[in-house]
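Hi everyone, thanks for coming. I'd like to walk you through one structure today, so let me put it up on the screen.

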Amino acid sequence: MNGVIETASAPEFYFNPWDEAFRANPYPHYKPLYAGAPRHLDLGFPLALVARYADVRQVLLDPQLFSSVQPKDSAFANQTDAFGDTPTVLQSDPPTHTRLRRLVSRDFTPRRIRELEPRIRQIAAELLNKAARNRSFDLMADLANPLPVMVIAEMLGVPAEKYETFKHWSDKVVEADNTLPGMPIPEEIKNAFNELRAYFAEQIARRRKSPGPDLVSALVAAHDEAEALSAEELLQFVVLLLLAGNETTTNLIGNGTLALGRYPDQLAKLRANPGLLPNAIEEMLRYDGPVQSTFRIATRDCEVDGAEIKSGTGVFVMLAAANRDPAAFPEPDRFDITRSPNDHVAFGEGIHFCIGAGLARLEASIAFGAMLERFARLRLAAPEGPLEYKGSYFLRGLSRLEIAFD
Ligand code: HEM
């Protein structure tokens, strides 16, 4: 779907999430966006691009003015037709958001996350044992894809061995991002979504009969006790967790490994001082974050940084652009694992701040810690080779990354 959208109304910059070349490296295209107030684009519906760090925070911190509810008009009807219109925590505003978030975040406490640590270590070690059988391995297929999906399966209390099926479903649903507004969602994507829903509808029915210590059982209880979580909301949340919880963390591990491979001095620094790992992970999130942009709708006529934004305008809240804004981060294009402060917005900001941030950080620190410990020398197998990215601009990640070691 290359080049379908032209940025004709704004020739001084290029923004086209459906262009493969743009997706492969969007960062140079963000630079002109720092020079002025948010720009307007017409993608078949009015759209504003918010890229500056201060502006991104302003939008995220004002959910009354910038709504997370997907409009039901024709440009977005393809999404609601395919995926339903029951609000998820991600796509709702207060008071619905407040109620859903309170219910669903009960099981994401730091204690609950810490309890998962031994199992995550075990999964990472098993995956790396398998990967180490050859002289090189595909980081995505062998570690970054399976680890988060196995962890979320474990949390939900479904068999981790089914991860390839989960991965297939979630890859397909994420691909829906690549469907132009107004175009129908391909049948195979709808089918994957329906299979995923049918699988979890059955799991929910089972937990209702015989609850276990897992998250699905806890959510079923939240539904049954107070009728607080409707059956459809429960199902939508479980599906959201599988999607939000795996594609993003996969891409943190992939994009982060690529950054370390491209900056051997930073990798050497990390080896010399493993205590820098938490800081290095924050820099990976800032430098090449898994979520390039999120989306809001202006609920009233307003101004951001002097630009007029009319009620009903879609707003691309460009988290990854904000994280490279020179006004917020000195030398923003430099990957520096000692960067401090590093107040990136890779997990969002305000009421929708990522529920899974603690889990993602834990999984990444276990994955990188295990790789560094296991392989004394680690490098990109083809440092100059072309990179293959997956089909979504919004969730940025590689489809493969060959790693050599000795
Ligand atoms: C590196 C990994 C991750 C990144 C970069 C990330 C990023 C984000 C961002 C930017 C948002 C806010 C979106 C918005 O404001 O529109 C968000 C929300 C959310 N994330 Fe994550 N996420 C990650 C991992 C996870 C994991 C592991 C889970 C769950 C297991 C998860 C579950 C959620 C949920 C449920 C929300 C919605 C929260 C709300 O709307 O109140 N995420 N995430």
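I'll talk about helix packing, then the ligand shell, and then the nonpolar core. One thing to keep in mind throughout is that this is a predicted model.

Let's start with helix α13, which covers residues 231-262, and its packing against helix α15, residues 277-287. Their axes are 9 Å apart, and the angle is about 100 degrees. Angles of 65 to 115 degrees count as roughly perpendicular, so that is how α13 and α15 stand to each other. If you'd like to find the contact on screen, look on the α13 side for Leu252, Asn255, Gly256 and Ala259. Across from them, α15 brings Ile281, Met284, Leu285 and Tyr287. By class, this contact of α13 with α15 has 6 nonpolar and 2 polar residues, and no charged ones.

Helix α10, residues 163-175, packs with α13 at an angle of about 90 degrees, and here the axes are 10 Å apart. So α10 and α13 are also roughly perpendicular to each other. From α10 we have Phe166, Ser170, Val173 and Val174, and they meet Leu242, Leu243, Asn246 and Glu247 in α13. The contact of α10 with α13 divides into 5 nonpolar residues, 2 polar and 1 charged.

While we're here, have a look at Ala176, in the loop between α10 and α11. Is Ala176 buried or partly exposed? A buried residue needs 20 or more other C-beta atoms within 10 Å; Ala176 has 19, so it counts as partly exposed.

On to the ligand. There are 26 residues around it, and Gly245, Gly348, His352, Cys354 and Gly356 come nearest. The elements giving two or more residues to this shell are α13 and α17. Which of the elements gives the most? That's α13 again, with 7 residues. Sorted by class, the shell has 16 nonpolar, 9 polar and 1 charged residues.

Last stop, the largest nonpolar core, with 108 residues. Val50, Val56, Val238 and Met318 have the most contacts inside it. And here too α13 turns up, providing the largest share of this core with 13 residues. Take Val56 as an example: setting aside neighbours within four places in sequence, Val56 is in contact with Val50, Val317, Met318, Leu319, Ala322 and Val345.

That's my tour, and I'm happy to take questions!

Terms used
Residues numbered from 1 in each chain as written. Predicted model: local features only at pLDDT ≥ 70, side-chain atom pairs only at ≥ 80, totals over all residues. Axes fitted to C-alpha atoms, helices over the stretch in contact; angles between N-to-C directions. Helix = DSSP H or I, 4+ residues; strand = E, 2+ residues; numbered from the N terminus. Parallel < 35°, antiparallel > 145°, perpendicular 65-115°, else oblique. Contact = placed C-beta atoms within 7 Å. Nonpolar A, V, L, I, M, F, W, Y, C, P; charged D, E, K, R; others polar. Buried ≥ 20, exposed ≤ 12 C-beta atoms within 10 Å, placed from the backbone. Near = placed C-beta within 6 Å. Core = buried A, V, L, I, M, F, W, Y, C linked by C-beta atoms within 7 Å.
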